[in-house]
Amino acid sequence: FVLFQTVRHGFPYLPTALAFDPVQKILAIGTRTGAIRILGRPGVDCYCQHESGAAVLQLQFLINEGALVSASADDALHLWNLRQKRPAILHSLKFNRERITYCHLPFQSKWLYVGTERGNTHIVNIESFILSGYVIMWNKAIELSTKTHPGPVVHLSDSPRDEGKLLIGYENGTVVFWDLRSKRADLRAYYDEAIHSVAWHHEGKQFMCSHSDGSLTLWNLKSPNRPFQTTIPHGKIQRDGKKPESCKPILKVEYKTCKNSEPFVIFSGGLSYDKACRRPSLTIMHGKAITVLEMDHPIVDFLTLCETPYPNEFQEPYAVVVLLEKDLIVVDLTQSNFPIFENPYPIDIHESPVTCTEYFADCPPDLIPVLYSVGAKHKKQGYSNKEWPISGGAWNLGGQTYPEIIITGHADGSVKFWDASAITLQMLYKLKTSKVFEKQKLGEGKATAEIVEEDPFAVQMMYWCPESRIFCVAGVSAYVVVYRFSKHEVNTEIASLEVRLQYEVEDIITPEPEIIPPFPDASSQLPSLKSLSGSTNTVACEGTMKDSIPCLSVKTRPVRMPPGYQADLVIQLVWVDGEPPQQITSLAVNSAYGLVAFGNCNGLAVVDFMQKTVLLSMGTLDLYGSSDPYQRQPRSPRKSKQFAADNFCMRGLSNFYPDLTKRIRTSYQS
């Protein structure tokens, strides 16, 4: 019997790198913790990890070869074999004296070009995975007359026309077109702004650079003295004919040609500085049209997916994959409004942070279709009508296909039911438990009886009976909600119960009647108690002591409940003498008897959710006392007013006769 990880659900944590194989149609994502996730069609999902744990700087597929090169922050290169069930590293190569900054592997080439922080370019044989010994030193690449160091290598690419020519981009704005055969520079181009990325036109006669001032420059190999076109796409045009004002850096640009229309220029960054609150954006320029797509999270990287893997053909881009810090988005370029594809992966598990999970195997076979039928919303509008383009790989269900369900509870009070029978998670149904409570108005937080400032509806515990379909949640604000499943919409009031669990020796003792005459009414007793208590502060003034009130208020009007899980009963623990209720730490349900039991550090309560009554409410001392709690005389539960009066009596008396309460307490404990 061994435990091993079969699958990892959710979005890769802290992503850093992205690669795509245009023939196999699989995507790889690298992360800051040295993990690589490989994704294909829904269900194809593979996870592997660099042993060093160093961040992944860059990923490159050996296109259509079932292999992947990774460059990591500890200056190592790794060749992964993807042709086996669990990908493994075939070769590794560590750089000791130089830091790796950029890698490039041309299509169907056996040479991997590796640029470094010192500005040198090394060439690795991809088959033997050893250095070829050919190095393009920075001082040979730039002109001897320029003494200053050009900075790290930020770009490497071979010419689409001639794989023997290499374009090297240096950070300070220098671009060198190097002839690998004659070992010399064919041309050099200089620009006074730092370069972030470079992209070729497919004919190999011109290339585009993106710069730190938000500009794009287009260069012709025939005239490298200056760019033949310079634009600042988001720069405001100045009145007096000066060049447009500079913008934020354009971190990456891609230049993709089409046979029957203008080329696409796609870039990240480059927005103007005056829009301080603008969200991270991807800009798509197609002819004269400029479209800005605003993202919910910072952009880590993006790739344009094209019909051909050959760099010297019309590229025909059809989609852009955008890797964000917490999401993966694919934009359809074939439609003029650039809709996004509906993402089939369960990437939004942590849309609201997961606070608890439950796993159920061998569920009744009708359960998944039933949950799906109440949860399946109509197809959302605005998505692309095309198939998800990352469609590679093959997956088999394996021998055991039994219905498995995972339930996740979240910080915002939502609960999601997922079908986990296959390799991927599929969301079946979402339930919002916060809907049974009134919304809290801002600014009231301090005055109400809340015990949790943030996320008052966070789900702490869940109980589910797949057979009876009874579902129960315990929330952070000391409440339990019992849900029943129904296929029909109802409009009904939500039943609620309040339970008092307290933990104080004085409160549990019920003194004999001869010691304290019973008070007919608590309120008439308050003034005399104040005079009794003198200077002690056990009894607070009326109106400030929170007692017998729950933390949240349940909706009192009838509520429309759609088909699916409908709240049957809300049980709330209440404040006791100014003390907030303690969070619920255990929960059990018996759906056959209609009972729910829950407890916290103060005690235990059992509720009949058919009759909606409290059957038992015991303090921890009763549970752990030596006397048998079940031999007490039966008595009806007291009304809360009487409860308050008894409390006050004990408090008042304890000031009068301190030794009496001590005697009662010691006799009780003995």
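Mentor: Before anything else, a residue is called buried under 20% relative accessible area, exposed over 50%, and partly exposed in between, with a 1.4 Å probe and protein chains only. This is a predicted model, in which local features need pLDDT of at least 70 and side-chain atom pairs count only at pLDDT 80 or more, while totals for chains, interfaces and linings use all residues. Residues are numbered from 1 along each chain as its sequence is written, and side-chain values use heavy atoms, with hydrogens and water left out.

A nonpolar core here is a set of buried Ala, Val, Leu, Ile, Met, Phe, Trp, Tyr and Cys residues joined through side-chain atoms within 4.5 Å. The largest such core has 37 residues, and those with the most contacts inside it are Leu 371, Ile 405, Phe 417, Trp 464, Phe 471 and Tyr 565. Its largest share, five residues, comes from the helix α2, where helices are DSSP runs of H or I with at least four residues, strands are runs of E with at least two, and both are numbered from the N terminus. Leaving aside residues up to four places away in sequence, Tyr 565 touches residues including Leu 371, Phe 417, Trp 464, Arg 469 and Phe 471, a contact being heavy atoms within 4.5 Å. Apart from this core lies another, of 20 residues, among them Ile 571, Leu 587, Val 589 and Phe 609.

As for the loops, Asp 362 lies between β28 (354-360) and α2 (367-375), and its phi is near 55 degrees, a positive value in a residue other than glycine. Asp 362 counts as exposed because its relative accessibility is 57%.
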